[in-house]
Amino acid sequence: MNRVSKYTAIAVVLLLAISYLSAVIISSGRAQVLSESKYSAEPVVGLVIKYRDGVVPMDIFGNQTALDLSTTKLVPGSDLGLGMYSAKFVSRQTEEEALQIATQIAKSPSVEKVFLDHFLTKASFAQVTPKLGVLKASSAPTKVTAQDDWLPATPDTPRIELSWKAPTKLNGGLLWGYRISKYDSLLEKYVVIVSNTKSKATRLALTSTLIAGEAASFKVAAITKTANSKYMAISKDSTVAKGTPTARPHAPVLQSSGNITSATPIVSWVSQGSAEKGGLSVSYSVSAMAADKSEATCFTSGFSCTLSGLDAGKRYQVVVTATNSRGSVSSVPVTETLDPMSNLQWYLDGDYGINASKAWKITKGSPSIVVAVLDTGITAHPDLDANVVTGYDFISDPTNARDGNGRDANPTDPGDYVNSKTPSSWHGTHVSGIIAAESNDIGITGVAPNVKISPVRVLGVNGGSESDISAGINWAIGVKISGIATNPNPAKVVNLSIGSTYISTCYSNSATQLAIDESKKRNVTLVTAAGNDNQFATNSYPGNCFGNITIGATGITGDRSYYSNYGGYSRTQAIYIGVDIAAPGGDDRVGAGKPAGGLIWSTLNDGKTKVGRATYGGEEGTSMASPIAAGVVALMYSVRPSITYNQVWEILSSTTRSFNPASDCESQLLDTELNDGSTLTTGPCGVGIIDAGAALLAVQKLNK
Ligand SMILES: [Ca+2]
Ligand SMILES: [Ca+2]
Ligand SMILES: [Ca+2]
């Protein structure tokens with residue numbers, strides 16, 4: 001909702017800005033002040049302002065700037081449509097006070113009309129909402145229980161049945177219904193999930209926001225009303241009832257190939273947590289069947305088991321089945337020899353993927369091209385190790401580094417856990433796998449599976465500093481840093497899956513900007529995440545620096561991912577700025593029932609705190625979109641290592657795939673002429689979704 005209204009505001013600015021960029025504010029007769037006298041006895045909460053034609057009321061951040069409201073008791077509100085904009089009083093005003101302020105506002109030559117914005121306390125709606133008060137609340141419901149209410153008809157849905165006893169004292173009211181609250185572990189408080197059941201029933205089945213295996217806590221309050229429905233009362237909340245829902249396990253995801261060549265192969269699958277296990281203990285059975293029906297099986301409660309008695313060299317179909325007391329679910333059969341989990345990688349060749357197969361007909365990357373990944377460091381992973389070259393650890397604060405020292409030559413990620421609620425992210429391992437997981441018979445494949453990763457550690461337990469990040473960029477591109485061996489494998493691509501609004505301006509001559517300027521001189525391309533704050537990307541560092549390519553995230557439906565920062569329209573530059581181009585970053589909100597749940601699957605580690613075992617997992621974020629773009633840029637350099645930063649951008653931006661036609665990313669695209677006379681069509685999500693296949697063809701065709 002937030003997103004729609006913000007975009008509406010942008011669209012308005014856009015239209016006005018194009019038509020009236022150099023318009024002079026027209027000053028004509030005194031503006032009208034309009035008051036709805038029908039409600040004159042009620043307090044006034046704000047004004048509604050209609051500006052004169054030619055006035056641009058809002059800037060790109062959605063602020064009303066046509067008026068200086070600082071001397072009034074008003075703060076800017078929002079676009080109301082049809083040329084109307086609200087301004088809100090800091091506190092409610094009387095009609096008389098409001099009229100005085102409105103008269104002052106109306107003196108502005110920008111303003112055509114001013115309306116008083118009343119708060120309509122009169123019953124003007126069809127449905128009468130009784131007021132709180134007068135009626136004494138009933139006693140609280142008692143004996144509240146929350147029980148697992150799993151149903152065979154919907155085996156994958158976690159479900160809780162709440163039941164309680166009605167209040168014993170109604171205190172003169174009639175029982176109307178119940179209010180249900182649930183503990184929200186993110187907000188760390190109880191939030192109302194059902195405001196009024198409008199029923200005397202003392203049991204209720206709940207399914208939304210429940211996770212199998214995760215205890216949920218509820219409170220129930222009783223709502224009473226007077227006989228004439230004019231007043232209502234809400235009792236105190238009941239005591240807490242806690243219940244843990246269960247469900248059928250999720251389908252296991254095989255990590256190893258279905259092409260078995262050994263007589264005693266180890267079959268492994270992605271480790272499942274409590275939610276994936278449906279909140280119950282799970283046993284796994286593995287079966288391998290050959291075309292001649294010869295079969296072998298093994299059983300375990302872990303995440304791998306060894307088959308025996310197979311005929312070496314024969315091709316077997318391997319299926320893992322997870323079973324708990326709610327039922328059984330089998331893995332999707334794997335028949336491909338290479339990268340058995342690539343069926344989860346919709347971002348490579350799906351409808352709104354990057355067209356990777358077409359690119360790979362040209363190259364899967366050159367081993368001489370290095371992508372520096374400035375991140376949390378790296379962990380050992382069988383799908384990645386062979387592609388990792390020398391890196392460095394630039395975290396200067398030992399506490400933040402958690403490896404016992406400041407800068408050192410070992411970029412291993414020791415884990416950035418905070419506590420059991422915030423386990424280690426292994427962010428750098430995930431980002432690196434997206435770029436360069438090997439194309440082999442295990443796991444996933446990277447976008448550029450033959451290029452190399454140089455892990456440069458800059459993000460620690462508490463985050464990272466601009467100075468460490470800048471130093472990391474400089475080292476990565478081969479700049480000499482005293483006291484440290486110069487990078488033996490300077491990077492052609494630097495990936496920064498980092499976005500922070502703590503540095504909302506990237507100043508020229510700042511440490512980061514100078515590092516980026518240097519990288520451009522060396523024909524290195526810096527790729528940055530746009531940030532995950534669902535706001536203007538120009539507020540997010542380091543994407544807000546200049547000379548880097550900033551990546552917004554799209555989901556499996558080709559629309560902007562709900563969290564992705566977006567571009568805003570700059571009137572001075574007459575173009576959208578902030579996001580250059582988009583790449584898949586995943587979006588769980590549109591991913592239900594789709595491959596990988598619409599997330600970006602890559603290499604991970606299963607350690608909650610310290611390093612555990614190598615595994616795989618799905619994530620979403622512009623942190624995932626950025627390395628997909630970096631991988632494509634690495635493929636471009638693999639075809640022609642001599643291409644310049646400018647050529648990289650010209651090709652990427654002129655070869656994109658379209659966003660979903662129904663998306664805001666697409667509908668707000670705008671042609672603008674740049675200073676050099678060229679035209680760029682761009683919008684809130686940048687110029688389009690990166691197309692690796694088309695980009696590589698264009699690199700091949702370059703005339704040198
Ligand atoms: Ca260190
Ligand atoms: Ca270290
Ligand atoms: Ca692989």
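Predicted model: local features only at pLDDT ≥ 70, side-chain atom pairs only at ≥ 80, totals over all residues.
Residues are numbered from 1 along each chain as its sequence is written, and chains are lettered from A, with ligands numbered from 1, in the order in which they are written.

Helices (H or I, at least four residues) and strands (E, at least two) are DSSP runs, numbered from the N terminus. Buried means under 20% relative accessible area, exposed over 50%, and partly exposed in between (1.4 Å probe, protein chains only). Contact means heavy atoms within 4.5 Å.

Helix α6 (residues 427–436) is largely enclosed by the rest of the structure, because 10 of its 10 residues are buried. Its cover includes strands β21 (370–375), β23 (452–457), β24 (493–496), β30 (600–605) and β31 (614–619), together with helix α9. Threonine 429 lies in α6. Its relative accessibility is 0%, so threonine 429 counts as buried. Leaving aside residues up to four places away in sequence, threonine 429 touches Gly377, Ile378, Thr379, Leu384, Ser602, Thr603 and Leu604.

Two packed helices are described by the angle between their axes and the distance between the axes. Axes are lines fitted to C-alpha atoms, for helices over the stretch in contact, and angles run from 0 to 180 degrees between N-to-C directions. The axes of α6 and α9 (residues 622–639) come within 8 Å and cross at roughly 35°. The crossing is right-handed (near helix turned clockwise from the far one by less than a right angle; anticlockwise is left-handed). On the α6 side, the contact involves His427, His430, Val431, Ile434 and Ile435. The α9 side supplies Ser623, Met624, Pro627, Ile628, Ala630 and Gly631. This contact has 7 nonpolar, 4 polar and no charged residues. Ala, Val, Leu, Ile, Met, Phe, Trp, Tyr, Cys and Pro count as nonpolar, Asp, Glu, Lys and Arg as charged, and the others, Gly among them, as polar.

Helix α9 also packs against helix α10 (residues 645–654), with axes that come within 11 Å and cross at roughly 115°. This crossing is right-handed. Val632, Val633, Met636 and Tyr637 of α9 meet Tyr645, Val648, Ile651 and Leu652 of α10. The contact comprises 8 nonpolar, no polar and no charged residues.

In helix α2 (residues 95–106), the buried residues are Glu95, Ala98, Ile101, Ala102, Ile105 and Ala106. They cover an arc of only 140° around the axis, which puts them on the same side of α2. The arc is that of the directions from the helix axis to the C-beta atoms. Glu96 and Gln100 are exposed on the other side.

Threonine 224 is found in strand β12 (residues 216–225). It is buried, with a relative accessible area of 0%. Its C-alpha atom is separated by 5.2 Å from that of leucine 174, 50 residues apart along the chain.

The peptide bond from tyrosine 541 to proline 542 is cis, with omega near 0°. Proline 542 sits in the loop between β25 (525–529) and β26 (549–554). Serine 229, in the loop between β12 and β13 (231–234), has a positive phi near 65°. At 28% relative accessibility, serine 229 is partly exposed. Alanine 596, in the loop between β29 (581–584) and β30, has a positive phi of about 60°. Alanine 596 is buried, at a relative accessible area of 13%.

Conventions. Heavy atoms only, no water.
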